[in-house]
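Here are my notes on the model, point by point. Please read them with the structure open.

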Amino acid sequence: MVARQLAERLPRPSGLSVLDVGCGQATQALRLARAGHTVTGLEADPAMLAAARRAAAGAQGLTLVEGDGRRLDRLFPAASFDVVLCHGVLMYVPEPEPFLASLVRVLRPGGLLSLLVRNADALALRPALEGDWATALAAFDDPFYRNRLGMDVRADRRAELTATLAGLGARVDDWYGVRVFTDWAPDGTPPPAEADREALLRAEERAARTDPYRAVAALTHLCALREG
């Protein structure tokens with residue numbers, strides 16, 4: 001879903017300079033490099049970086065760099081990239097505003113920031129559907145939660161992020177929900193049969209851009225443009 005949404009927002013189908021902050025196993029970075037973009041993947045975890053290098057062996061247009069996304073000022077000059085991806089990273093950053101400022105800083109004017117975050121506005125839904133009412137009630141007021149990896153992380157509210165980015169010179173141009181329906185399936189649920197998979201994807205894609213469904217998705221995907 002994120003790849004489909006991102007493809008809609010890219011200013012051209014190839015030839016862009018892209019930075020993927022916290023690229024993990026380089027799934028998005030590889031997809032963009034194979035489409036003809038010049039991609040730099042930044043990853044702080046050595047194990048993840050090793051997995052990314054194995055996956056990217058022989059790939060053209062992709063450079064993988066070990067480094068902390070919170071140190072972008074030391075790694076890249078200002079206005080270096082047409083597109084910056086930051087997917088599934090912000091929840092691990094204790095002080096989000098300076099981190100967001102560094103993401104905006106390395107974008108060229110008019111450049112695209114693709115930001116994927118845990119949706120704090122829907123944080124109570126999953127525990128409530130599982131019958132964990134204490135956790136659900138706490139989630140209304142507390143954006144911190146324990147994820148499926150057992151780590152204590154933070155969810156973010158779209159309105160607050162939109163205001164923060166505006167103050168940093170980046171205007172949210174559009175936003176999507178991600179995992180509107182599938183996130184509520186119990187752990188261990190097998191994937192759907194091939195015949196149903198495309199229908200599921202079409203339903204998720206439709207919900208991702210339709211109110212009120214997208215507002216209660218597990219994740220929020222914001223696409224912001226750097227002004228100036």
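1. Helices (H or I, at least four residues) and strands (E, at least two) are DSSP runs, numbered from the N terminus. This is a predicted model: local features need pLDDT of at least 70, side-chain atom pairs count only at pLDDT 80 or more, and totals for chains, interfaces and linings use all residues. Residues are numbered from 1 along each chain as its sequence is written, and side-chain values use heavy atoms, with hydrogens and water left out.

2. Start with the loop between H4 and S4, where Ala79 sits. Ala79 is not a glycine, yet its phi is positive, about 55°. Its relative accessible area is 31%, so Ala79 is partly exposed (buried means under 20% relative accessible area, exposed over 50%, partly exposed in between; 1.4 Å probe, protein chains only). Ser80 lies in the loop between helix H4 (72-75) and strand S4 (81-87). Ser80 counts as buried because its relative accessibility is 16%. Leaving out residues up to four places away in sequence, Ser80 touches Ser17, Val106 and Arg108 (contact means heavy atoms within 4.5 Å).

3. Arg179 also deserves a look at its backbone. Phi of Arg179 is near 65°, a positive value in a residue other than glycine. Arg179 is in the loop between S8 and H9. At 33% relative accessibility, Arg179 is partly exposed.

4. Next, helix H9 (residues 194-208). It has 15 residues and reaches 21 Å from first C-alpha to last, close to the 21 Å expected at 1.5 Å a residue (the expected span is 1.5 Å times one less than the number of residues). Which residues of H9 are buried? They are Glu204, Ala207 and Ala208. Seen down the axis of H9, the buried residues fall within an arc of 100°, so they line one face of the helix (the arc is that of the directions from the helix axis to the C-beta atoms). They pack against helix H1 (2-9) and strand S8 (170-178). The face of H9 turned away from the buried side carries exposed Ala195, Arg202 and Arg206.

5. Asp211 and Pro212 are joined by a cis peptide bond, with omega about 0°. Pro212 is in the loop between H9 and S9.

6. Helix H3 (residues 46-55) has Leu49, Ala51 and Ala52 as its buried residues. They cover an arc of only 160° around the axis, which puts them on the same side of H3. Their cover includes strand S2 (38-43) and strand S3 (62-66). On the other side of H3, Pro46, Ala47 and Arg54 are exposed.

7. Cys223 belongs to strand S9 (residues 219-226). Cys223 is buried, with a relative accessible area of 0%. Among the residues that Cys223 touches, not counting those up to four places away in sequence, are Arg9, Leu112, Val172 and Tyr176. Cys223 and Ala163 are 60 residues apart in sequence and 13 Å apart in space, C-alpha to C-alpha.

8. Where is the second largest pocket lined? Residues lining the second largest pocket include Pro96, Glu97, Arg154, Asp156 and Thr164. Helix H5 (96-105) and helix H8 (158-167) are the elements that give two or more residues to this lining.

Technical notes
1 Å grid on protein atoms, 1.4 Å probe; cavity = no way out; pocket = protein on both sides within 12 Å on 5 of 7 lines; lining within 4 Å.
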